[in-house]
Number of protein chains: 2
Amino acid sequence: MPNSQYRYLQRHFSDLIRDNKLKSGTKLPSEREIGEAFKVTRVTVRQALQNLEAEGLIYRQNRRGWFVTPPAVVYDPASHLSFNRYVAEQGSTPHTEKLAQQVEPANAKIAQLMCITEGTPVLFLHRRRYINLRPILIEKMYINLDLLPGLENEDLSQSLSQLLQQKYQREYRDMDLSFKSTALPSHAANDLGISTGQAGLQVERINYTSDKKVLEIDYEFWRHDAVTINIAIRD
Amino acid sequence: MPNSQYRYLQRHFSDLIRDNKLKSGTKLPSEREIGEAFKVTRVTVRQALQNLEAEGLIYRQNRRGWFVTPPAVVYDPASHLSFNRYVAEQGSTPHTEKLAQQVEPANAKIAQLMCITEGTPVLFLHRRRYINLRPILIEKMYINLDLLPGLENEDLSQSLSQLLQQKYQREYRDMDLSFKSTALPSHAANDLGISTGQAGLQVERINYTSDKKVLEIDYEFWRHDAVTINIAIRD
DNA sequence: CAGTGGTCTAGACCACCAC
DNA sequence: TGGTGGTCTAGACCACTGG
């Protein structure tokens with residue numbers, strides 16, 4: 001039953017990648033070339049490629065081709081290290097790009113979570129993060145300006161955790177986390193330059209101060225193939 | 001650009017489901033019927049259905065058809081509640097089925113994680129868990145028999161956390177968690193009765209006793225559309 | 001048994017990318 | 001401009017499900 005042609009193809013490339021005969025970042029031959037080589041139609045080739053994409057072994061760049069996925073980064077949201085530190089420690093190069101920034105009135109949901117009155121100004125921050133020049137994460141954050149006055153005038157493409165520590169003597173401490181494995185919403189897929197409907201990992205995070213006030217609410221949209229989440233629970 | 005026919009179909013069903021005009025568990029019309037109704041081929045219909053599946057709105061049963069996905073369960077691995085309690089508290093009916101059970105010598109990896117010598121007997125347990133009769137989770141667990149002698153003679157389709165508490169006066173405490181959003185490996189997909197290559201959430205968990213010994217190592221394979229993970233981090 | 005989804009063929013046109 | 005992936009047609013046969 002699992003002896004279809006696309007499974008054969010899938011296995012073929014999966015073996016090549018695992019044996020490192022196709023290295024991270026390499027471009028695969030075009031769908032038509034693969035089809036000719038294996039005497040199957042493009043439909044069949046694409047079925048195999050899409051499954052490999054779901055496994056996280058390859059990914060596509062819109063109309064440019066298919067590429068071998070680089071290793072995933074290990075991310076521990078509960079550690080107090082910044083994204084930049086993580087990625088660097090794992091031997092890759094991080095980069096952060098600010099896409100938008102705006103002081104805006106808190107909507108009902110944010111206000112309720114932050115325990116502030118609706119309409120209080122909060123800082124909205126929209127960033128894209130890269131590993132080795134590959135965009136892998138979209139962040140949309142709502143930051144409590146009552147606790148961090150003047151933050152909107154800082155350079156917000158740098159590490160927020162460092163900024164909080166150095167300028168405000170604040171640290172990330174308690175947090176509520178939520179994870180969901182699902183297709184990325186179209187806004188996030190567009191920002192990442194991938195086609196809508198691709199699998200992703202959505203993370204919601206509420207950061208609290210040591211006196212239990214809400215510092216920041218994050219919505220993160222990760223490429224599913226770019227991250228493994230690790231958390232240590234210690235009572 | 002996002003105005004293709006399959007996106008139109010996708011939107012159509014997505015709206016029906018969100019407006020609850022197609023209720024949880026309902027079977028969709030057959031692919032051929034949908035194709036006729038919208039004057040498109042089955043290829044196009046399937047593209048739309050596969051995207052809806054990636055979004056977690058619908059799921060398939062092998063050669064039986066497409067169905068509207070029921071709401072996801074919220075799961076907190078760090079809470080000390082059992083799976084059964086969770087699911088019941090969220091208004092659904094849990095069920096656990098033991099697929100295999102075996103006392104076997106620890107392999108190198110398990111032995112290292114458990115800090116025992118390779119070949120020491122450990123209890124391997126393989127279970128399938130259901131919500132409202134829908135299989136949503138495969139567990140493969142390795143349990144430290146040094147800490148839980150005689151466990152292999154208990155009924156292992158019941159809640160392990162209750163068993164540990166009542167018979168051994170042990171509780172789950174510290175744990176290391178790892179999450180990865182990726183296609184389910186074929187063994188898990190088969191056990192869940194879904195086609196290989198479907199998206200899923202893989203969880204690895206190492207449970208420690210209060211004196212920091214490894215009680216149990218779990219590998220969990222969830223349907224991606226069946227669960228949202230929530231965790232509270234408190235320093 | 002009829003009907004379903006699973007797999008596959010052999011084409012086609014389009015939008016976009018790199019050269 | 002030639003080649004890429006993205007979308008789509010109009011069929012086909014198969015394996016399996018359900019009555």
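These are my notebook entries on a predicted model with DNA strand C.

**Ground rules**

I number residues from 1 along each chain as its sequence is written, and I letter chains from A and number ligands from 1 in the order in which they are written. The model is predicted, local features need pLDDT of at least 70, side-chain atom pairs count only at pLDDT 80 or more, and totals for chains, interfaces and linings use all residues; side-chain values use heavy atoms, without hydrogens and water.

**Entry: the annotated domain**

I checked the record for chain A. An unreviewed UniProt entry places "domain: HTH gntR-type" at residues 3–71. UniProt positions follow the numbering used here, feature names are shortened, and annotations may be inferred rather than shown by experiment. I find 51% helix and 12% strand in that span, and its end C-alpha atoms are 29 Å apart. Helices (H or I, at least four residues) and strands (E, at least two) are DSSP runs, numbered from the N terminus.

**Entry: DNA strand C**

I looked for residues near the strand (a heavy atom within 4 Å of it). I find 24 around DNA strand C, with Gln5(A), Tyr6(A), Arg32(B), Arg46(B) and Arg63(B) the closest. H3(A) gives the most to this surface, four residues. Helix H1 (5–18) of chain A and strand E2 (65–68) of chain B are among the elements that supply at least two each.

I then listed polar pairs (N or O atoms within 3.5 Å). The side chain of Thr44(A) has an N or O atom 2.9 Å from a phosphate oxygen. For Ser30(B), the distance from a polar side-chain atom to a phosphate oxygen is 3.4 Å. Arg42(B) goes to a base nitrogen instead, at 2.8 Å.

**Entry: Lys180(A)**

I found Lys180(A) in strand E7 (residues 175–183) of chain A. Lys180(A) is buried (under 20% relative accessible area, 1.4 Å probe, protein chains only). It has no salt bridge (a Lys or Arg side-chain nitrogen within 4 Å of an Asp or Glu carboxyl oxygen). Asp225(B), the nearest side chain of opposite charge, is 6.6 Å away. The Lys180(A) side chain reaches the backbone oxygen of His224(B) at 3.4 Å. Its contacts (heavy atoms within 4.5 Å) include Gly200(A), Ala72(B) and Thr228(B).

**Entry: Val103(B)**

I placed Val103(B) in strand E4 (residues 94–105) of chain B. Val103(B) counts as partly exposed because its relative accessibility is 42% (the class between 20% and 50%). Leu145(B) is 42 residues away in sequence, yet 8.9 Å away C-alpha to C-alpha. Val103(B) also contacts residues including Pro121(B) and Glu152(B).

Key:
Lys and Arg count as positive and Asp and Glu as negative; His and the chain ends are not counted. A polar contact is a pair of N or O atoms within 3.5 Å; within protein, one must be able to donate a hydrogen and the other to accept it, and residues adjacent in sequence count only if both atoms are side-chain atoms. Lists of a residue's contacts leave out its neighbours within four places in sequence.
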